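Take a walk through this model, one chain at a time.

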Amino acid sequence: MLIGTELQRAVQDGQEAPGQEARAATRVAELDRRLGDPTDDGNELSYTRLLEADEAGELSEPGERALDELGLGADFVPRAEGGRLERLDTLVRIMRQVFRRDVALGLGYGVTSFMAAVNIWTSGDAAQRACLARILTGGGKVSVAYHELAHGNDFVRNEFEARPAEGGGYLLNGAKQVINNAQRADAWVLFSRTSPAPGSRSHSVLFVERDGLDTDTWQVLPRYDTVGVRGCLLSGLRFDDTPVPASALVGEPGKGVETALRAFQITRSALPGMAVGTTDTALRTVVRFALGRQLYRKSVMDIPHARGTLSGAFVDLLTCDSLSLAATRAVHLLPEQTSVFAAATKYLVPKVLTDAMHELSIVLGARFYIRDGEHGIFQKHLRDMPVLSLGHAGSAACQATIIPQLSRLARRSWFSDEPAPAQLFQPRTDLPDLSYGRLTLASGRDGLSATLVAAVDQLPGASPEERAVQGLALQLVDELRQVQEASRALAPEDRTALARPAAFALADRYAVLLAAASAIGVRQQASHDGGDAFLADPAWLAAALHRLARRLGRRPADLPASVDARVHEEVLRRFHARTSYDLYDTPPAG
Amino acid sequence: MPVPTTGHTTESLTTWLAERIALYLKRQPAEIDPDVPLAEYGLDSVAALSLCGDIEDDFDLVIEPTAAWDYPTVHALAGHLVEELAAEAAKDGGA
């Protein structure tokens, strides 16, 4: 691992051009340095100042200025288009620096533009890609305008219309609601009905630049007030026979649903892991509280329940990061398989992170209800977090992506597919370019769960922690067997969006198993060739699998006491060293 | 083993599709007009993807997951499947 001066020396010596990992580490450090120490009240991007902006319903102005100066827009633009985007796992790592300080800034400055942009990277033509790259590298914003309140995630029913106009081009009619940055974006990606016929071939994606539109025919709708991410500029757009040129069409006419579903595979893989940074801050805030506060003549940290909650939250962060890592790297390595991994990630990661924060709030006690001061950031993060389960694909919509694939996976993949390649689980190794063209809506393949199945065939080591891991893995494989049987037995009517709750529960169990497989893969890879020593230790994995098994309703045997001791020690070490609570253990840039 | 691929006709596939789609829609097969777009019966995009998975399983034929979007009626889909099955049989025969 190259960090700090070591990295600079390597670069200065010019021994070799910096590789992907060096570029990623440099960029993460750049953001951290520029955004500064959030606990320092002298910093204009401190938690205190970010809370003030939130109370005022504004995006932090110094925050936006800092991200402008950092040129963050270029991180959403592929290198081939002149930007900095080369790997999705790296983008997640970079955005964590923003998300650990302020979810609203992460979404409002950047992620909205990224969500819009992937439609163009996956399906746009050269002129559209160049135009978008110019906007984003120049610090501009792009809105993704899919949503119509009346139809929610059932966007095949969307009514917003782009009617072919006489003499070419389209006429836009209708409204889009709850659209981030609608008012200030330089361009919008509009999901539009281009045919009145029902079905999935009646919509198209349009990339519309704001400049040059007939201003009399469109308007920005009033802003929404929200529970969380209060700084985000959520409003809407209304068009009334607004002409746009034929060149606005992205991809083929009528292929909008497919374009959207491909783009979703990228955004659903990448977004949830960014919020690992948010829960990292929540955990850090509560560790500080627990170490400082005295109750019953002990520090809160000495109370077993509190200590166990903190360890549990840390382990959940590692689990979420493992699934996020596998899903984002799968887009590069196993693009044919990513539709289920992405949906599982978008479904499970925000849920586990939110649950962890609720558990942490119990340790924080009454302080979690206080809106300012030393712990005030906690309640803001807790309010902001649910937006990740709502925005652009609700939890149930993600389950509905998995449900039609369950029976095919059960018949064709589980217990017979090849395990995923080792690189899927290596946080710092190089990846091939994104291959958008290989993303498919369903493949019936799943190498990730095969990693879980293969793991139990390996002889466990002699330590109690390794034997605990083995016992838990066996239970999880048994769970996969049950999910397989139940999936095979799903009646056709339970393989639709209107499936019974039992089918949704199957998608939930499967997502948990994919998370377990990811954690197993991460630990396996770390234990080879000088990987991270903590990740190579079976203790965290035993704790992670134990929590996942309990999430599945199982009652696994108690873990050896050494597991919690090891995890607890790491919680404290990272708190004092101020390194990140994720797979990267990133030190502060200083 | 899959059913032999040569024995399928547009008629037999139409019958199979109507029966299968009726299950998705909780209707009787006779209620499914083979020339009416399936979306008009309320067959959602998720069910359309599931249907393509069923076709793969029952006919051992790999088709685009979006086939039911591109061939939106029972007749259109049956016609498409006959062509795909014939192409598959020709490929197997030539191998």
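The radius of gyration used here is taken over C-alpha atoms, and the globule rule sets it at 2.2 Å times the number of residues to the power 0.38. Keep in mind that this is a predicted model.

Start with chain B. For 95 residues, a compact globule would have a radius of gyration near 12 Å. Chain B has 13 Å, which agrees. Its C-alpha atoms fill a box of roughly 40 × 25 × 20 Å along the principal axes. The secondary structure is quickly told: chain B has four helices and zero strands. From the N terminus on, the order is α-α-α-α.

How much of chain B is buried? Buried residues make up 44% of its 95 residues. The accessible surface of chain B comes to about 4600 Å². Carbon and sulfur atoms hold 53% of that surface. Now look at the contacts in chain B between residues at least 6 apart in sequence: 56% of them join residues at least 24 apart.

Turn to chain A. Here there are 20 helices and 10 strands. The radius of gyration of chain A is 24 Å, close to the 25 Å that the globule rule gives for 590 residues, so chain A is as compact as a globular protein of that length. Along the principal axes, its C-alpha trace spans about 75 × 60 × 55 Å.

In chain A, 61% of the 590 residues count as buried. The accessible surface of chain A comes to about 22000 Å², with 51% of it on carbon and sulfur atoms. Among contacts in chain A with a separation of 6 or more, residues 24 or more positions apart account for 77%. The charges of chain A number 65 positive and 72 negative. Their mean positions lie 4 Å apart.

Now go inside. Which residues touch the most other members of the largest nonpolar core? They are A:Phe207 and B:Leu17, in a core of 196 residues. Helix α17 of chain A, residues 501-526, gives the most to this core, with 16 residues.

Return to A:Phe207 and its surroundings. Leaving out residues up to four places away in sequence, A:Phe207 touches A:Ile120, A:Gln128, A:Cys131, A:Leu132, A:Ile135 and A:Val142, among others. Its partners also include A:Ala187, A:Trp188 and A:Val189. A:Ala248 and A:Val250 are in contact with A:Phe207 too.

Finish with the backbone. Most residues other than glycine have a negative phi. A:Val229 has a positive phi, near 35°. This residue is found in the loop between β6 (218-221) and β7 (234-244) of chain A. Is A:Val229 buried or exposed? Its relative accessible area is 3%, so A:Val229 is buried; the cut-off for buried is under 20%.

B:Lys26 is not a glycine, yet its phi is positive, about 55°. B:Lys26 sits in the loop between α1 (10-25) and α2 (45-59) of chain B. With a relative accessible area of 63%, B:Lys26 is exposed, because exposed means over 50%. Thus A:Val229 is buried, whereas B:Lys26 is exposed.

Key: Residues are numbered from 1 along each chain as its sequence is written. Chains are lettered from A and ligands numbered from 1 in the order in which they are written. This is a predicted model: local features need pLDDT of at least 70, side-chain atom pairs count only at pLDDT 80 or more; totals for chains, interfaces and linings use all residues. Side-chain values use heavy atoms; hydrogens and water are left out. A nonpolar core is a set of buried Ala, Val, Leu, Ile, Met, Phe, Trp, Tyr and Cys residues joined through side-chain atoms within 4.5 Å. Buried means under 20% relative accessible area, exposed over 50%, partly exposed in between (1.4 Å probe, protein chains only). Helices (H or I, at least four residues) and strands (E, at least two) are DSSP runs, numbered from the N terminus. Contact means heavy atoms within 4.5 Å. Accessible areas come from the Shrake-Rupley method with a 1.4 Å probe; for residues, only the protein chains shown count as cover. Lys and Arg count as positive and Asp and Glu as negative; His and the chain ends are not counted. The place of a charge is taken as NZ of Lys, CZ of Arg, CG of Asp or CD of Glu.
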